[in-house]
Amino acid sequence: MMSKPLSPALIRFFMRRRLTAAVVMLASLMVAPVHAATIFVSNEKDNTVTVIDSTSLQVVKVIPTGQRPRGMVLTPDFKQLIVCIGDDNRLDIIDTEKLEVVGTLPSGPDPELVDIDSKGERIYVANEDDGMVTVLQRSDGKILAEIPVGVEPEGMAVSPDDKITVATSEQTSMAHIIDNSTLEVIANVLVDVRPRVAEFTRDGTHVWVSAEIGGTVSVIDAKTFKTVKKFGFEIPGVRPELIQPMGIRFSQDGKVAFIALSTASRLAVVDAATHEIKSYILTGQRPWHLALDPNGTKLYVVNGLTNDMTVIDVATLKPEKSIPVGRLPWGVMVKP
Amino acid sequence: MSAVMCLTALAGWHCSGAFAAGPVNPAADAPAAPVGEGVKSNNELAAPDVPPAVEAHLLYLGKQYPDPPPLSLLDKVLTDDGVQGARVALKENNMTGRLIGQHHTLEEVRLPADQDIVAKAKSLLASGRRFIIADLEADDLLAVSDLPEAADAIILNARLSDDELRQENCRANVFHLSPSWAMRADALAQYMVWKKWRKWLLISGQGKKDVQYAAAIKRAATKFGNKIVEEKLYAYTAGSRRTDSGHQQIQTQMPLLTQTSTSYDVVFVADPEETFGDYLLYRTYEPRPVVGSHGLTAVGWHRSFEQYAGTQMQNRFERAANRTMTERDYYAWLAVRVFGEAVLRTASNDPAVLKRYMLSKEFEIAGFKGQGMTFRDWDQQLRQPILLSGPRALVSISPQDGFLHQKFQTDTLGVDRPETKCRMNK
């Protein structure tokens with residue numbers, strides 16, 4: 001969607017017609033940088049994925065999926081979105097142009113979160129109900145391995161160099177490091193209670209793991225698998241047990257981490273090098289997962305209890321807009 | 001597999017200590033399992049990936065008391081209530097344990113009603129058992145906890161709500177996982193305040209537990225500024241739950257029972273001993289909701305509850321036990337998980353080390369309630385949110401918003417530090 005700026009003459013014409021306010025707004029919308037990313041939000045209770053255009057911030061489509069869609073990942077070529085369908089024990093494949101489910105893949109029981117390697121060949125799935133990580137070949141859905149980990153696996157992150165995968169298990173309170181060449185667990189790192197999300201830093205040197213009940217984030221060295229730092233959060237006026245770290249994303253330059261704090265209804269902004277908390281941003285209720293716009297300027301956070309998505313400006317750290325989505329929004333991904 | 005341990009040790013956790021200082025000697029704590037009547041050893045996961053450096057031997061101590069059958073025919077009469085939860089949690093402890101060189105065993109001792117559980121407990125304690133999941137009635141629980149052999153044991157009460165056990169009769173070696181009657185009554189009372197259902201008709205049975213719950217309801221009424229407009233006793237004993245024309249008598253009896261001179265907003269029923277509670281629904285003199293032991297209930301677990309990953313627990317349990325998870329199953333599950341968490345974080349099977357950890361700020365246990373749960377140091381009761389559930393669906397979870405506390409909002413439920421009558425010698 002390309003648009004040309006309005007010429008000054010045209011603006012003067014409109015101004016003479018006393019349409020100033022409306023037209024200036026319209027003009028500023030039309031001259032805004034156009035990159036038209038597509039935002040996908042999974043709605044756990046509605047069995048749908050909401051599709052939002054990043055420029056208009058309008059819902060363009062609601063795609064029906066199987067029962068209980070949660071974790072999602074985009075393929076490296078952005079052509080497909082892979083969605084965990086928890087209650088139907090499968091992955092739905094959404095074509096990101098057609099905006100419809102075009103196929104399914106096996107996932108093992110109760111898939112919750114999923115990641116894919118950088119070549120787009122292998123898919124790693126956390127089977128929450130079954131204490132396993134299922135690894136499958138994307139081309140034909142062949143299951144390459146079912147790796148036993150701890151109780152209630154959830155977080156799933158493939159390292160940027162594809163060499164390891166980190167899975168977290170909620171009841172076991174560990175991050176399990178899987179060697180992607182042997183598909184075996186090579187280390188187990190104990191973290192605080194109920195780890196949810198694992199996220200590699202942009203440079204791949206560390207992996208951050210959020211512990212929902214523990215209220216902390218562990219920073220684990222991706223080479224030695226040693227916990228180098230563990231930090232928590234303190235928000236005046238918010239009871240500590242409500243601060244439950246969940247989704248983690250890094251800014252495009254990798255210098256800042258954004259961490260959704262669930263029942264605290266806030267996003268923490270953390271210095272990725274010093275781990276110092278820089279500020280908190282208000283969101284809707286129970287912000288769960290989040291995603292960065294591919295141009296790095298906006299963050300999209302989905303709020304489970306208020307059924308909306310908060311748009312946050314990365315430069316000013318201000319929430320700008322809230323967009324209604326489906327019921328119990330869970331995950332969010334953005335296609336450039 | 002030692003590479004695994006090494007890497008884990010590098011992560012800076014206690015397992016390195018367990019190795020460096022030499023493995024804890026399991027032999028000292030683990031005599032040959034005594035095998036007798038009602039004794040079953042559960043060692044099905046005895047093949048860990050890493051040789052265990054820490055072994056913990058848990059003992060499930062129960063007795064098949066003549067429990068009243070549930071009034072509703074939809075609730076099955078169970079013979080394995082509680083212990084099934086412990087079995088599921090044992091598997092979880094060992095799934096985690098095999099990754100870190102720890103192993104748990106669960107010895108199930110569940111005696112028939114006519115046998116002496118205290119004598120049995122004494123011999124098991126003498127042979128080294130220290131970690132007990134107690135599915136016992138109050139007299140037996142107190143007798144076991146007062147055995148000299150139990151002085152340094154950790155006994156987790158997974159059955160009883162008796163307030164007295166958290167008050168005058170508290171014991172330093174007993175921790176309470178089940179919520180007290182006071183916590184349950186407070187959880188409902190807060191919701192009544194939120195609903196502005198402030199006038200209660202209290203009807204209680206005459207069993208021991210009925211009287212205990214009724215006392216807690218009266219306390220909750222005062223604590224949260226509600227009013228009990230009238231108090232009635234249902235003085236009949238329970239008959240057979242199966243009769244061919246039973247509803248006719250009940251239909252005439254219940255309106256009479258609930259007829260009062262002053263109007264009320266709700267009927268608060270205290271009948272945990274299952275004599276008449278379910279009969280009140282839809283039969284009250286005034287058209288009013290029923291809350292308490294029946295109708296809207298305050299519980300730690302319910303099949304209708306699936307939030308905070310509760311779905312996974314419900315599914316896991318049903319696969320293992322071929323039935324739904326009861327509240328007692330849940331607390332037995334939680335008891336085994338408390339031992340699992342304490343052993344995991346301390347890498348020790350020393351009861352003194354575990355007890356210190358369980359009472360420390362570092363300890364918290366996850367149990368699908370959306371927050372870490374901890375023990376109150378004044379009576380060793382587990383702080384926890386309480387589910388308010390109707391017969392078929394979850395209604396709310398207490399504490400309700402707006403009930404404030406300077407430390408833990410969950411301490412608005414039950415007996416808080418300033419009011420405790422518990423004086424234990426630690």
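**Reading the chains and their contacts**

Modeller: Let us begin with burial in chain A: of its 336 residues, 50% count as buried. Please keep in mind that this is a predicted model.

Biologist: How many helices and how many strands does chain A have?

Modeller: Chain A has two helices and 28 strands. As for its contacts with a separation of 6 or more, residues 24 or more positions apart account for 42% of them.

Biologist: Into which domains is chain B divided?

Modeller: Domain 1 of chain B covers 23-179 + 303-384, and domain 2 covers 182-299. Between them, 11 residues of domain 1 are in contact with 12 residues of domain 2. The side of domain 1 that touches domain 2 comprises six nonpolar, two polar and three charged residues.

Biologist: How should I read a pair of packed helices?

Modeller: Two packed helices are described by the angle between their axes and by the distance between those axes. In chain B, helix α5 (residues 117-126) and helix α6 (residues 138-145) pack at an angle of about 30°, and their axes are 9 Å apart.

Biologist: Why are α5(B) and α6(B) described as roughly parallel?

Modeller: Angles under 35 degrees count as roughly parallel, and α5(B) and α6(B) are therefore roughly parallel to each other. The crossing of α5(B) past α6(B) is right-handed. B:Ile117, B:Val118 and B:Ala121 of α5(B) make the contact with B:Asp140, B:Ala143 and B:Val144 of α6(B). This contact has five nonpolar, no polar and one charged residues.

Biologist: At what angle do helix α7 and helix α8 of chain B cross?

Modeller: The axes of helix α7 (residues 181-195) and helix α8 (residues 208-223) of chain B cross at roughly 45° and come within 8 Å. The helices α7(B) and α8(B) are therefore oblique to each other. Here too the handedness can be stated: α7(B) passes α8(B) in a right-handed crossing. Among the residues that make this contact are B:Trp181 and B:Arg184 of α7(B), and B:Tyr213 and B:Lys223 of α8(B). By class, the contact of α7(B) with α8(B) has nine nonpolar, one polar and four charged residues.

Terms used:
Residues are numbered from 1 along each chain as its sequence is written. Chains are lettered from A and ligands numbered from 1 in the order in which they are written. This is a predicted model: local features need pLDDT of at least 70, side-chain atom pairs count only at pLDDT 80 or more; totals for chains, interfaces and linings use all residues. Domain bounds come from an automatic or database domain assignment. Two residues are in contact if their C-beta atoms, placed from the backbone, lie within 7 Å. Ala, Val, Leu, Ile, Met, Phe, Trp, Tyr, Cys and Pro count as nonpolar, Asp, Glu, Lys and Arg as charged, and the others, Gly among them, as polar. Helices (H or I, at least four residues) and strands (E, at least two) are DSSP runs, numbered from the N terminus. A residue is buried if 20 or more other C-beta atoms lie within 10 Å of its own, exposed if 12 or fewer, and partly exposed in between; C-beta atoms are placed from the backbone. Axes are lines fitted to C-alpha atoms, for helices over the stretch in contact, and angles run from 0 to 180 degrees between N-to-C directions. Angles under 35 degrees count as roughly parallel, over 145 as roughly antiparallel, 65 to 115 as roughly perpendicular and the rest as oblique. A crossing is left-handed if the near helix is turned anticlockwise from the far one by less than a right angle, and right-handed if clockwise.
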